[in-house]
Amino acid sequence: MKYCTNCGEQIDNKAVICPKCGVAQPSAVGTEKNKLIAALLAIFLGGFGIHKFYLNRPVQGIIYLLLCWTFIPALAGFIEGIIYLCTSDQNFALKYATKF
C-alpha cells in the first residue's frame, strides 16, 4: 500500500489514479522516498546535505554543502533525521513524494 500524493488516502501500490480524489499518481518505479534511508542519511551525512539531495531538494543541499565547515548543517541534519523518524509514513509520503 502507498499514500495518494494529493489527499493522503491509502491506495494500492499499483494504482495509477487515486479512487478518492481522482489525481494521477507517479507511475515510475522508485519515485517514493524511503523514510528510514532519508533519516539515516540526515543523521550520518547531514552535514553535507546528502539527505536533501535524496529528497529532491538540491538548493537546500547546496546550502548545506556551502556551510558544512561551520558544523551547523551537521546539527540541523541530526535533528532532521530524528524528525523524519518521528514523522508518520503518510505525512512523510505526502511531503516528500516526487512530483511529476
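Among contacts in the protein chain between residues at least 6 apart in sequence, what percentage join residues at least 24 apart? The figure is 45%. The model under discussion is a predicted one, and the points below should be read accordingly.

1. Secondary structure. The protein chain contains two strands and five helices. In sequence order the pattern reads β-β-α-α-α-α-α. Strand β1 covers residues 2-3 and strand β2 residues 10-11, while helix α1 spans 35-45. Helix α2 takes in residues 50-54 and helix α4 residues 72-86; helix α5 runs over residues 89-96.

2. Overall dimensions and surface. The C-alpha trace spans about 50 × 25 × 20 Å along its principal axes. Of the 100 residues in the protein chain, 32% are buried. The accessible surface amounts to about 6,300 Å², and carbon and sulfur atoms account for 68% of that surface.

3. The protein chain carries 9 positive and 5 negative charges, and the mean positions of the two sets lie 5 Å apart. A search of the whole structure returns three salt bridges.

4. Lysine 20 and glutamate 9. The side chains of lysine 20 and glutamate 9 form a salt bridge, with an N to O distance of 3.7 Å. Both partners sit in loops: lysine 20 in the loop between β2 and α1, glutamate 9 in the loop between β1 and β2, so that eleven residues separate the pair and distant parts of the chain are linked. As to accessibility, lysine 20 is exposed at 58% relative accessible area, whereas glutamate 9 is partly exposed at 34%.

5. Aspartate 89 and lysine 35. In the salt bridge between aspartate 89 and lysine 35, the closest N and O atoms are 3.1 Å apart. Because aspartate 89 belongs to helix α5 and lysine 35 to helix α1, the pair ties together parts that are 54 residues apart in sequence. The two ends fall into separate accessibility classes: aspartate 89 is partly exposed, at 47% relative accessibility, and lysine 35 is buried, at 19%. The value for lysine 35 should be read against a burial limit of under 20%.

6. Lysine 52 and glutamate 80. Lysine 52 and glutamate 80 also form a salt bridge, their closest N and O atoms being 3.2 Å apart. Lysine 52 is in helix α2 and glutamate 80 in helix α4, so this pair ties together parts 28 residues apart in sequence. Lysine 52 is buried, with a relative accessibility of 8%, and glutamate 80 is buried as well, at 17%.

7. Surroundings of glutamate 80. Which residues does glutamate 80 touch, not counting residues up to four places away in sequence? The contacts are Ala42, His51, Lys52 and Tyr64. The C-alpha atom of glutamate 80 is also separated by 8.4 Å from that of glycine 46, a residue 34 places away along the chain.

8. Cysteines. The structure holds zero disulfides. For cysteine 4, the closest cysteine sulfur is that of cysteine 21, at 3.6 Å, which is too far for a bond. The reasoning rests on the cut-off: a disulfide requires cysteine sulfur atoms within 2.5 Å, and the sulfur of cysteine 21 lies 3.6 Å from its closest counterpart, in cysteine 4. Cysteine 4 is buried, with a relative accessible area of 1%, while cysteine 21 is partly exposed at 32%.

9. Lysine 2. Is lysine 2 buried or exposed? Lysine 2, which is found in strand β1, is buried, with a relative accessible area of 7%. Leaving aside neighbours within four places in sequence, lysine 2 is in contact with Glu9, Gln10, Ile11, Asp12, Asn13, Ala15, Gln25, Pro26 and Glu32. One of these contacts, Glu9, is also the salt-bridge partner of lysine 20.

Note on methods: Residues are numbered from 1 along each chain as its sequence is written. This is a predicted model: local features need pLDDT of at least 70, side-chain atom pairs count only at pLDDT 80 or more; totals for chains, interfaces and linings use all residues. Side-chain values use heavy atoms; hydrogens and water are left out. Helices (H or I, at least four residues) and strands (E, at least two) are DSSP runs, numbered from the N terminus. Buried means under 20% relative accessible area, exposed over 50%, partly exposed in between (1.4 Å probe, protein chains only). Contact means heavy atoms within 4.5 Å. Accessible areas come from the Shrake-Rupley method with a 1.4 Å probe; for residues, only the protein chains shown count as cover. Lys and Arg count as positive and Asp and Glu as negative; His and the chain ends are not counted. The place of a charge is taken as NZ of Lys, CZ of Arg, CG of Asp or CD of Glu. A salt bridge is a side-chain nitrogen of Lys or Arg within 4 Å of a carboxyl oxygen of Asp or Glu.
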